[in-house]
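Hello,

Here is the structure I promised to pass on to you.

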Amino acid sequence: MRVIVCDDNDLSRNLYYELINGIAEAEQIEVNVKMVSSGEELLQILKKDYRTINLIYLDIYMEGMDGFTVAKESRELGYEGDIVMCSSDKTRVFEAFEVKAINYIVKGATDYSRFREVFLNSAKKEILSKPTVSLIKDRKKIEINSDRIYYLEVYNRKIITHYFDRNELCSLETYGSLKTIEEELEGDGFIRIHNSYLVNGKFIKNILGDCVEMSNGDRLAVSRKHKKNLMEYWTSTES
């Protein structure tokens, strides 16, 4: 789950960062929190990859663009994820509906339990919206949320699933069909780059000639057969 905290106040940003990470760790939710200090910086991120952002905490009163203007422009860009408006001003709650915000946090008045509830509601919605990959290991069914998978590969007639669990890189060897998994994940941002590799597009860091560099550091070969589809995907995410 990717979260952005946008606030020009250092104390507020750091407080939200600690709260979100603390709740996520306690609830075993994988989360990546990025902090920005202006609406302009937030919009630059969204222009590049708004599809991968799940939740934004957005301050209303900031230097430069105010929070509601930023929220409106975010929606115009196509961002459909959750927005939580944040302010010490209690009088602007109803304006949050205009930008389809899921909640409104009053600084200095919202207690921990309420903050936790708001975050978990968004996190659970995100988790439930993602398909899972079902794998069989030692006659036991193992389900991995697709959002946690870097890539899957075929090696010695086995499928090796590379994923992260509590911020640790893990690998799981199972038997099965990569073609079947590809069909299960169709439309969820997974790209076939080689007969042996099915990768999660959001974890592609760069394309280097005939290989891709993943965000976990692995480099995977790209076949001629699949390079066109890969480049079309990469171009669409960069636009």
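The notes below go through what I found, one topic at a time. Please keep in mind that this is a predicted model.

Let me start with a helix pair. Helix 2, which covers residues 39–49, packs against helix 3, residues 67–77, at an angle of about 10 degrees, and their axes are 10 Å apart. Angles under 35 degrees count as roughly parallel, and helix 2 and helix 3 are therefore roughly parallel to each other. On the helix 2 side, the contact is made by Gly 39, Leu 42, Leu 43, Leu 46 and Lys 47, while helix 3 brings in Val 70, Glu 73, Ser 74 and Leu 77.

Leaving aside residues up to four places away in sequence, Ile 83 touches Ile 56, Leu 58, Ala 71, Arg 75, Val 99, Ala 101, Ile 102 and Asn 103.

I also checked the cysteines. The count of disulfides comes to 0. Cys 86 is in no disulfide, and the nearest cysteine sulfur, that of Cys 6, is 9.5 Å away. With a relative accessibility of 1%, Cys 86 counts as buried.

Two backbone spots deserve a look as well. Most residues other than glycine have a negative phi. Lys 100, although not a glycine, has a positive phi of about 60 degrees. Lys 100 sits in the loop between strand 4 (82–87) and strand 5 (103–106), and counts as exposed at 64% relative accessibility. The other spot is Asn 156, also not a glycine, with a positive phi of about 50 degrees. The loop that holds Asn 156 runs between strand 8 (149–155) and strand 9 (158–165). Asn 156 is exposed too, with a relative accessible area of 60%.

Finally, two residues further along the chain. Val 199 lies in strand 12, residues 197–200, and is buried at 0% relative accessibility. Not counting residues up to four places away in sequence, Val 199 touches Tyr 150, Tyr 151, Gly 189, Phe 190, Ile 191, Ile 193, Ile 204, Met 214 and Leu 220. Val 199 and Met 214 are 15 residues apart in sequence, with their C-alpha atoms 8.7 Å apart in space. Asn 229 has its place in helix 6, residues 224–238. Is Asn 229 buried, exposed or partly exposed? Asn 229 counts as partly exposed, at 47% relative accessibility. From Asn 229 to Tyr 155 there are 74 residues in sequence and 23 Å in space, C-alpha to C-alpha.

Best wishes, and enjoy looking around!

Note on methods
Residues are numbered from 1 along each chain as its sequence is written. This is a predicted model: local features need pLDDT of at least 70, side-chain atom pairs count only at pLDDT 80 or more; totals for chains, interfaces and linings use all residues. Side-chain values use heavy atoms; hydrogens and water are left out. Axes are lines fitted to C-alpha atoms, for helices over the stretch in contact, and angles run from 0 to 180 degrees between N-to-C directions. Helices (H or I, at least four residues) and strands (E, at least two) are DSSP runs, numbered from the N terminus. Angles under 35 degrees count as roughly parallel, over 145 as roughly antiparallel, 65 to 115 as roughly perpendicular and the rest as oblique. Contact means heavy atoms within 4.5 Å. Buried means under 20% relative accessible area, exposed over 50%, partly exposed in between (1.4 Å probe, protein chains only). A disulfide is a pair of cysteine sulfur atoms within 2.5 Å.
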